[in-house]
Amino acid sequence: DIVIWIEASKEEAYDRTAKSRNITKEEYETIISLQEKPKKIDFTIENNGTLDELEKQIDDLISKISKT
């Protein structure tokens, strides 16, 4: 199995979550505090840009993984 972790900066993640779920910063902090990062991560993708940029990173990673 391959574990891929996609993360955004704390500010970007909050902005996206607050807009889509209409929550306060305190509610967001509670949600984040309950999340656990996997112990084994094979690849990490930084998701601080646009959806198109994220899709390109994913496509590139799939190509990389497919070659191995």
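Analyst: Buried means under 20% relative accessible area, and exposed means over 50%. The model discussed here is predicted.

User: Why is Y28 called buried?

Analyst: Its relative accessible area is 4%. The cut-off is under 20%. Y28 therefore counts as buried.

User: What makes Y14 count as buried?

Analyst: Y14 has 18% relative accessibility. The limit is 20%, so a value under it qualifies. Y14 is therefore buried.

User: Why are Y14 and Y28 called an aromatic pair, and which kind is it?

Analyst: Ring centres must lie within 6.5 Å. The centres of Y14 and Y28 are 5.3 Å apart. That makes them a pair. Planes over 60 degrees apart count as edge-to-face. The angle here is 70°, so the Y14–Y28 pair is edge-to-face. The count by this rule comes to 1 aromatic pair.

User: What does the pair tie together?

Analyst: Y14 lies in helix α1, and Y28 lies in helix α2 (residues 25–34). The pair thus ties together parts that are 14 residues apart in sequence.

User: How do you know that K25 lies over the face of Y14?

Analyst: The distance part of the rule asks for NZ of Lys within 6 Å of the ring centre. K25 lies at 4.5 Å from the ring centre of Y14. The rule also asks for a position within 35 degrees of the ring normal. K25 is listed as lying over the face of Y14.

User: Which residues make up the largest nonpolar core?

Analyst: A13, Y14, A18, I23 and Y28 do, 5 residues in all. Helix α1 (residues 10–21) gives the most, with 3 residues.

User: What does I23 touch, beyond its neighbours within four places in sequence?

Analyst: I23 is in contact with Y14, T17, A18, Y28 and I31. Contact means heavy atoms within 4.5 Å.

User: How does the span of α1 compare with the expected one?

Analyst: α1 has 12 residues. From first C-alpha to last it reaches 16 Å, close to the 16 Å expected at 1.5 Å a residue.

User: How do you know that the buried residues of α1 are on the same side?

Analyst: The buried residues are A13, Y14, T17 and A18. They cover an arc of only 125° around the axis, which puts them on the same side of α1. In general, an α-helix has 3.6 residues a turn, so residues three or four places apart point the same way. What covers the buried residues of α1 includes α2.

User: What makes T17 count as buried, and what does it touch?

Analyst: T17 has 18% relative accessibility, so it counts as buried. Leaving aside neighbours within four places in sequence, T17 is in contact with N22, I23 and Y28.

User: Which residues are on the face of α1 turned away from its buried side?

Analyst: That face carries the exposed residues E11, K19 and S20.

User: Why is E11 called exposed?

Analyst: The relative accessible area of E11 is 54%. The threshold is over 50%, so this value passes. E11 is therefore exposed. The C-alpha atoms of E11 and N48 are separated by 9.4 Å, though the residues are 37 residues apart along the chain.

User: Where is N47, and what makes it count as buried?

Analyst: N47 lies in the loop between β2 (43–46) and α3 (51–66). N47 has 14% relative accessibility, so it counts as buried. Not counting residues up to four places away in sequence, N47 touches I6, E7, A8, E12, R16 and L54.

Methods:
Residues are numbered from 1 along each chain as its sequence is written. This is a predicted model: local features need pLDDT of at least 70, side-chain atom pairs count only at pLDDT 80 or more; totals for chains, interfaces and linings use all residues. Side-chain values use heavy atoms; hydrogens and water are left out. A nonpolar core is a set of buried Ala, Val, Leu, Ile, Met, Phe, Trp, Tyr and Cys residues joined through side-chain atoms within 4.5 Å. Buried means under 20% relative accessible area, exposed over 50%, partly exposed in between (1.4 Å probe, protein chains only). Helices (H or I, at least four residues) and strands (E, at least two) are DSSP runs, numbered from the N terminus. Rings of Phe, Tyr and Trp (its six-membered ring) pair if their centres lie within 6.5 Å; planes under 30 degrees apart count as stacked, over 60 as edge-to-face and the rest as tilted. The expected span of a helix is 1.5 Å times one less than its number of residues. The arc is that of the directions from the helix axis to the C-beta atoms.
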